[in-house]
Amino acid sequence: MKKYISSLVTGFGAGVLQIVPFLRSFSCCMIIPLASFFSLLLNQMATKSREKISSKNALLFGVMTGLYAALFGTIFEIFITFITKHNDIIATFPELQRMVENFPVSPEIKTEVLNIFQNVRNEILTYGFSVLYTFSVLINNLIVDTIFGAIGGLIGAQVINNRLNNRIN
């Protein structure tokens, strides 16, 4: 566990940035990969290592950073939704209804999907919490953040290794 403390720190930071409204749209493509890169840098600075980073190690740091970012981001998202009783589903519900109506599926399926979203919306407005919303946010964050964390770790290792090669030569 002590080995991945830099992933915990940068994953926490990425999790916090994931819930900032403007930065949310940059979460998967910039924030998570950069957090993985910084995790590798922090680990090198903490261990005072001047060795190349292996792909396996970079992948592990990236995945751990993505997992931490997903967990913290989900916790913060659910907590803010609980307190404010408002989130993206509430704000965009009319557009969501129009979008579902345009799906090329049977009317029964459209009705069922709209009922599910309506139930989630009502639960959030009433209680500030929805099990289905929580589950969907957690699964989405785990998948997306882990993939982009791994990508960021691998790319970050290449950047760091190239810097080390340039210093040696």
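The residues that line the largest pocket of this predicted model divide into five nonpolar, five polar and four charged, where Ala, Val, Leu, Ile, Met, Phe, Trp, Tyr, Cys and Pro count as nonpolar, Asp, Glu, Lys and Arg as charged, and the others, Gly among them, as polar. Because the model is predicted, local features need pLDDT of at least 70 and side-chain atom pairs count only at pLDDT 80 or more, while totals for chains, interfaces and linings use all residues. Residues are numbered from 1 along each chain as its sequence is written, and side-chain values use heavy atoms, with hydrogens and water left out.

The largest pocket has a volume of about 330 Å³. A pocket is here an open set of points on a 1 Å grid over the protein atoms alone, where a 1.4 Å probe fits, with protein on both sides within 12 Å along at least five of seven lines, and its lining residues have an atom within 4 Å of a point; the volume is the space filled by probe spheres set on the points, which are joined across faces, edges and corners. Of the 14 lining residues, Arg 24, Glu 77, Val 137, Asn 140 and Asn 141 are the closest to the centre of the largest pocket. Two or more residues of this lining come from each of α2 (27–47), α3 and α7, and the largest share, six residues, is given by α7; helices are DSSP runs (H or I, at least four residues), numbered from the N terminus.

Arg 24 and Glu 77 also form a salt bridge, with their closest N and O atoms 3.0 Å apart (a side-chain nitrogen of Lys or Arg within 4 Å of a carboxyl oxygen of Asp or Glu). Arg 24 lies in the loop between α1 (5–18) and α2, whereas Glu 77 lies in helix α3, so the pair ties together parts that are 53 residues apart in sequence.

Helix α3 (residues 55–84) and helix α7 (residues 131–168) have axes that come within 6 Å and cross at roughly 150°, which makes α3 roughly antiparallel to α7 (angles over 145 degrees). By class, the contact of α3 with α7 has 15 nonpolar, eleven polar and two charged residues.

The second largest pocket holds about 170 Å³ of space, and among the residues that line it are Leu 41, Met 45, Ile 160 and Leu 164. The largest share of this second lining, four residues, again comes from α7, and the lining divides into four nonpolar, one polar and four charged residues.

Key
Axes are lines fitted to C-alpha atoms, for helices over the stretch in contact, and angles run from 0 to 180 degrees between N-to-C directions. Angles under 35 degrees count as roughly parallel, over 145 as roughly antiparallel, 65 to 115 as roughly perpendicular and the rest as oblique.
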